[in-house]
Amino acid sequence: MHVGETGSAENVRRAVEILGLSEVHHGIGASTSKETMRFLADNHIQVNVCPSSNVMLGFAKNYKTHPIKILVENGVRVTINTDDLLIFDSSIENEYLKLYRAGTLRAEQLEEIRQTGLGIL
């Protein structure tokens, strides 16, 4: 389910509860509520994030302050993804590199996210 890129943290939580979701696409709005992030973490709800899409569409100011950092620091399971390649012109490796170079996430955090995406964690 694509929810939370433009809506509130409460929209993310309600969508998960009502629809019984195990993951949310573009759910960066959850980062504005400690309660919602705790709910996602406690219920092992994964948030699939597309950083370049978020930045280019103005839902995140830049890579350095991208909400993925807040989600990770609050124990939310995240994956790093790309959006439409033809529009956003970014590969998975570029997404990781942009977040690393901006100082948003450390190499260890990115490795954990990579393993989550592969289903190892």
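Colleague: Which residue of strand 2 does histidine 25 stand opposite?

Modeller: Histidine 25 stands opposite asparagine 48; strands here are DSSP runs of E of at least two residues, and helices are runs of H or I of at least four, numbered from the N terminus. This is a predicted model, in which local features need pLDDT of at least 70, side-chain atom pairs count only at pLDDT 80 or more, and totals for chains, interfaces and linings use all residues. Residues are numbered from 1 along each chain as its sequence is written, and side-chain values use heavy atoms, with hydrogens and water left out.

Colleague: How many bridges join strand 1 to strand 2, and how many join strand 2 to strand 3?

Modeller: Two strands pair if DSSP finds at least two bridges between them. Strand 1 (residues 23–25) runs parallel to strand 2 and is joined to it by three bridges, while strand 3 (residues 77–80) pairs with strand 2, also in the parallel sense, over four bridges.

Colleague: Are the residues on the two faces of strand 2 buried or exposed?

Modeller: In a regular strand the side chains alternate between the two faces of the sheet. In strand 2 (residues 46–49), Gln46 and Asn48 lie on one side and Val47 and Val49 on the other, and all are buried, that is, under 20% relative accessible area with a 1.4 Å probe and protein chains only.

Colleague: Which hand does the β-α-β unit have?

Modeller: A crossover is right-handed if, with the strands pointing away from the viewer, the path from the first strand over the helix to the second runs clockwise. Strand 1, helix 2 (residues 34–42) and strand 2 make such a right-handed unit.

Terms used: Buried means under 20% relative accessible area, exposed over 50%, partly exposed in between (1.4 Å probe, protein chains only).
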